[in-house]
Each structure stands twice: as structure tokens, then as C-alpha cells.
Amino acid sequence: MDRPTLIDDFRAWQTSREKEGLGQDPIYLVAANGGASRSGLWAAYHLATLEDQARGAQKQFARNIYAISGISGGSVGASVFVSALATQHWLRGRANTKQPMHLAPLVLAFFKQDHLTPVVSSLLYGDTLARFSPSPIPYLDRSRALERAWQHDWAKVQQDWLSAQGMWTEPVQAQACRLNWFLRPLEALYQSPWQDAAFDCLAPPPPFAGQPAVLLPRLFLNTASMQRGTPVLQAPVTLPAIIPAVDLFDLDRFDTARVSLAGAAHNSARFPFISPVGLVRQRQGQAWGHVGDGGYFESSGTWTLAQILNTLEQGLRPEEWHKLTQQLRIIILDGNPTAHDAVTWLERPAGDGCKVPASGHHVDAAVADNCGPEASSLMIEVMGPLQGLFSAREGRAAGETRALSLIVERLTRPGLGKLFEIRQPAVTIEEPAMSWFLNQQSMQLMDMLVRGQPFSKVVSANAASMGGLAPGAEASWQRFEAQRRNLLAQVLNPPANKPAP
């Protein structure tokens, strides 16, 4: 398919918004960080809940999101959210229904599924047996097992969701394959006219017919080259040369036309040892190299948002760029439990714990001397290499997030809430597991946080079963809750984006 350029696509997206009377609404760019199902749920459930709340107040949220940059589990969460939107759009167009279609229950149901057992089962049996085969057996690859689990579970929870609303009718059942977005290529979400195009679910989508017909957020799913150490992007737009990343969907270069949405999300979420790295072949069939978890390069997703902004600044006309700077809002979704004084916060109070300079915009020796756990000489010998790799990964994410925040400060009007840090607060000693399966207690904790339950209720329902309260739990919750409320207020009561004097 012929993908539009980033500049052309943004212009078409903005024009479509203006035709629907949304031209003065905020423009959101979203970063969803890595962390398996924990980060996936945190990202998808937050976005779906905000969309439901906006629709309940007769406002728009998802239609004002231009791009979501996902890393690892955040890519899975972003894919789930956009897939839910795609089904909602499809049904509104075909069934002519105006009844409320809340997305949050669908998202929650997907992440209640066990996506770990299929991978472990394949690792212990099929994947292991395939190692002894003289020729490759792709079906037994444990990577395929995880992708098939996502495809199967999306179809299952979506059917249950539609049935509960009385919408699993014969016409909809006949389109079940069409609605399984995880089975189809990523670009199929943005086809025009995607409602009526004839297709084979396992084949590449038919050629693009103009610009995207629906205002779905553009997915930028990040992975990384294992041999080159460079970022690799999967997106429904072509990437300009100024973005120093490999475009995996460049079909003139790579044999990737049959990569499904599940496969693209998995390329971003090839968590070490759980999933093997993925082999990428060139169009002529030669091996190009391997891709692994996007967190190998940077785990927050903010690097890609900065590249998108740099591209738009250079490619848009001055008046277009000026308007964007008045409307721009950044949402950072971080599903990893974060203490109130963690270095990842862009604005951190000085005091006990992790001390920072008054500027709060960079990490320097003053921060390094006061942050991070101490370890015995024996433990550092054993755990040092792994801890170093993980800390470097997180440090790069914090650095890229700060760089993005400085770009936003430079571009936009002062006095506006322009960047929202929606970080899961470190409330309990036992954290929700970072794996492809979330137990009931982890789901309950995140559900209550996202829905804005009071701290007392969060504690009474979760502390005893999750090891007690974490140090500074209430302060961490307060920081998160302030950010959550500010973002919700922005969505429900968007400020007028009039030109700055």
C-alpha cells in the first residue's frame, strides 16, 4: 500500500478535524512506555476511560489524538485501544447506532486474559522440539504462540462485549474476521474506504485510496535493531530522512507486507527470553537482521514523539506550525510503579530521598549521588551487569522524556498545562507483575487508580493482599492523582486555543 508522508497525513488529519468542528481542540501526542501487560493495561485503560468520560460529556478525546508512540507492552496497549476505536467506528457506520459504547470494559476484558501460558507452553514443548528439526517450523515458534493468543483473545472479548450490548447480530458475525484487527495488517486500520473494501484477512490490504477516512490515532510502534542498535519504527506513514530510524514498513526494502497488527505489536514487545528476536528479510529474500524489544533503544516512547515534532516543524507551513504549537498537548503513560520522588518525574520536589537541582530539567551528578539503592559488594558482583543494563534503559527513557519536555516548553505558550505525566503510583510494596499475565489483585489496583478512587479505598482494598503500603504511598498517589485530574479537566473542558498575542 502507498502510505502518505507524515506531513501530508497530518494535514489531512487536521483538515478532517476542522470539518467536524474540532479544529480548535487540543492536539494530543501520547507516549506509552514498556512493561508487558502492566504497561499495556495502564495505557489502554487510561485512554479508553478518558474517551468514555469525554463522550459522556459530549466532548471528543480520541479524535484529537494524532499519534501514539508505543514501546513493548505500551505498544500492545495502544493497539488494543485503537482496535477498540476501529470497531466502534465500524459499528457506528454500519449499524447506525447512537447508543453509548463504552470502551473501558472491552480493554479491561482483554488484559484479564492469560497471555503468558501459551508462550511458556510453546517454549517447553513446540518451540523446543522445533530446535531439533532440520528445517524451520514457523508454527511452533513461541513468538507465533503469543501473537495467536492476542488474536484469539481479541476476537473472544470483542464478541462478548458486543453480545452484552445486543450487537452481536448476524450481519456483524459475518464481519467477524474484518473486526479482528490483530489478525489484519496495521495499515488496515487506516484504509479508505476501509468499511467496504473486499479483502482476505491473511493477505496484505488492498491499495490505499487517498487519505485515511477515519480519525483514528496513528500508531507508531517502536522496536530496535539488534545488530545496529538503532530504532526501528512501524507506522502507517512514511518516515522522512531526518528521522534517524529504520522504516520497517518500507516495502521497497523489506518483506513485511504480511505483518499483522499482532506481529507489529510483538516486534515492539519482544521481551528478553520470553520472546526471541524477530528475523527481518529484505524484499529480495536476504536476511537484513533482527529486531527486539523497543526498550533496548529507549523505553518511554518520547524519543519518537520528539522526532514527529521535529518533522512537523520543518515540513509544515509557518501558520500551520504556529497553530499546532498553540494546541499541542503531550500525555506520558508510565505503567511502572513510580515513587513520588523518583527521578523520572519531570518536576520533582527537593527534600528527602532523591534530591534534584532547583531547575528540575536534567539529571546530573547531584542527582546521581542521591538516587538509586545501595548494594553489597557481593550483590553488585552478581546483579551489577543486569542492574546496569536496566538502569541505563530507564535512564535513557528519563533523558528522552526531559528532552521532549524542553521542546514542548520552547514551542508552546507559557501558562498552559502542556504535558501530563500519568505514572502509576507506587502504592503497595508488591508491584503488579511485569509479565503477560496480570492477577486479579493487580487488575483491581490499577482499575481503582485509573477510575480515580480515593486513597483510603485503594489502600483498604489492596494493601493487605499486596504486602502493605510502599514508603511514601500517599505522596505518590497524590502526585498521580493531581496529574490525572488535570488531564481529565483538560479533556472535559478544553481551553480555547486562540493565537497568542
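Predicted model: local features only at pLDDT ≥ 70, side-chain atom pairs only at ≥ 80, totals over all residues.
The protein chain contains 17 helices and nine strands. Of its 501 residues, 55% are buried. Contacts between residues at least 6 apart in sequence were also examined, and 74% of these contacts in the protein chain join residues at least 24 apart.

Helix α2 covers residues 36-56. After α2 comes Q58, a residue with a positive phi, near 60 degrees.

Strand β7 comprises residues 287-293. Five of its seven residues are buried, and the strand is therefore largely enclosed by the rest of the structure. Strand β7 is joined to strand β3 (residues 218-225) by three bridges, and these two strands run antiparallel. In this pairing, A224 stands opposite G292 of β7. Strand β7 is also joined to strand β6 (residues 278-281), here by four bridges, and this pair likewise runs antiparallel. R281 stands opposite A287 of β7. Strands β6 and β7 form a hairpin, with five residues between them. Within the turn of this hairpin, G285 has a positive phi of about 105 degrees.

Towards the other pair of elements considered here, helix α15 spans residues 440-450 and helix α16 spans residues 455-462. The two helices pack at an angle of about 175 degrees, and their axes are 10 Å apart. Angles over 145 degrees count as roughly antiparallel, which means that α15 is roughly antiparallel to α16. On the α15 side, the contact involves Q441, Q444, L445, M448 and L449. These residues meet K457, V458, A461 and N462 in α16. The residues of the contact divide into five nonpolar, three polar and one charged. An α-helix has 3.6 residues a turn, so residues three or four places apart point the same way.

Technical notes
Residues numbered from 1 in each chain as written. Heavy atoms only, no water. Axes fitted to C-alpha atoms, helices over the stretch in contact; angles between N-to-C directions. Parallel < 35°, antiparallel > 145°, perpendicular 65-115°, else oblique. Contact = heavy atoms within 4.5 Å. Nonpolar A, V, L, I, M, F, W, Y, C, P; charged D, E, K, R; others polar. Expected span 1.5 Å × (residues − 1). Buried < 20%, exposed > 50% of the residue type's maximum accessible area, 1.4 Å probe, protein only. Pairing = 2+ DSSP bridges.
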